[in-house]
Amino acid sequence: MHLRLAQTKDYPAIVRLHRATIRNINSADYPEDIINTWAKRSSAKHFQECAHKCKRWVAVENDKVIGFCDHGFDCELWGLYIHKDFIGKGVGSKLLKKAEDSMKKQGCETISLKSTLTAKPFYQKHGYKLIKKDFHQIKDKKMAIAIMSKRTT
Ligand SMILES: CC(C)(COP(=O)(O)OP(=O)(O)OC[C@H]1O[C@@H](n2cnc3c(N)ncnc32)[C@H](O)[C@@H]1OP(=O)(O)O)[C@@H](O)C(=O)NCCC(=O)NCCS
């Protein structure tokens, strides 16, 4: 497995992974109507349109994208999704470290993120503290999330 910056050719695989992880993994923590709206909203166009506003990496094994992670230029981690068949094998931790190192290089003293309920224990394990529980609007649905942060110094 290796990590590299995402390229335009990766977007179809990123979207397939994103949708499948939402449907197979996040579905344990959210009701069906939210899962459907969330998964359907994911698109290669969306990922491509915001590519210049973030740094995004993919984890690749045997030429297959098995995870991705991105962060904005304002010390916020955007997303971290692992392929449903590769959960719990350390890929998420490696991608998170990559993004954290990148944000540290940009001078971030605190990293913030909006975690799904699913990933909250994972981020806690990596030193993130809960700031507050909140809701994220996706179309007409409100999904419960956790706002978290971590000092890098
Ligand atoms: C959360 C996620 C990114 C973690 O990636 P991963 O590759 O599965 O995690 P790792 O294998 O690196 O796990 C590292 C540690 O966190 C723990 N962990 C991971 N996910 C966990 C979870 N949902 N609940 C509790 N512990 C979890 C692992 O047990 C492991 O602990 P250990 O080192 O003591 O064995 C991944 O499970 C995922 O894609 N989840 C669904 C998508 C999602 O909600 N992403 C967050 C968007 S903000």
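The model is a predicted one, so local features are taken only where pLDDT is at least 70 and side-chain atom pairs only at pLDDT 80 or more, while totals for chains, interfaces and linings use all residues. Residues are numbered from 1 along each chain, as its sequence is written.

The ligand comes first. It is surrounded by 21 residues, and the closest are Gly92, Ser93, Thr116, Ala119 and Pro121; a residue counts as near a molecule or strand if its C-beta atom, placed from the backbone, lies within 6 Å of it. Sorted by class, this shell has nine nonpolar, ten polar and two charged residues. Here Ala, Val, Leu, Ile, Met, Phe, Trp, Tyr, Cys and Pro are nonpolar, Asp, Glu, Lys and Arg are charged, and the others, Gly among them, are polar. At least two shell residues each come from strand E4 (76–82), helix H4 (91–105), strand E5 (110–116) and helix H5 (120–125), and E4 gives the most, with four. Helices (H or I, at least four residues) and strands (E, at least two) are DSSP runs, numbered from the N terminus.

Now for H4 itself. In H4, Val91, Gly92, Leu95, Leu96, Ala99 and Met103 are buried. They sit on the same side of H4, because they cover an arc of only 130° around the axis, the arc being that of the directions from the helix axis to the C-beta atoms. Buried means 20 or more other C-beta atoms within 10 Å of a residue's own, exposed 12 or fewer, and partly exposed in between, with C-beta atoms placed from the backbone. The face turned away from the buried side carries exposed Asp101 and Lys105. The cover over the buried residues of H4 includes strand E1 (2–5), strand E2 (54–61), strand E3 (64–72), E4, E5 and H5. After H4 comes glycine 107, with a positive phi near 95°.

Valine 65, found in strand E3, counts as partly exposed because it has 19 C-beta neighbours inside 10 Å. Leaving aside residues up to four places away in sequence, valine 65 touches Asp10, Ala13, Ile14, Leu17, Val58 and Val60, where contact means C-beta atoms, placed from the backbone, within 7 Å. Alanine 20 lies in helix H1 (residues 11–24) and is partly exposed, with 15 other C-beta atoms within 10 Å. Its C-alpha atom is separated by 25 Å from that of serine 112, 92 residues apart along the chain.

Key:
Contact = placed C-beta atoms within 7 Å.
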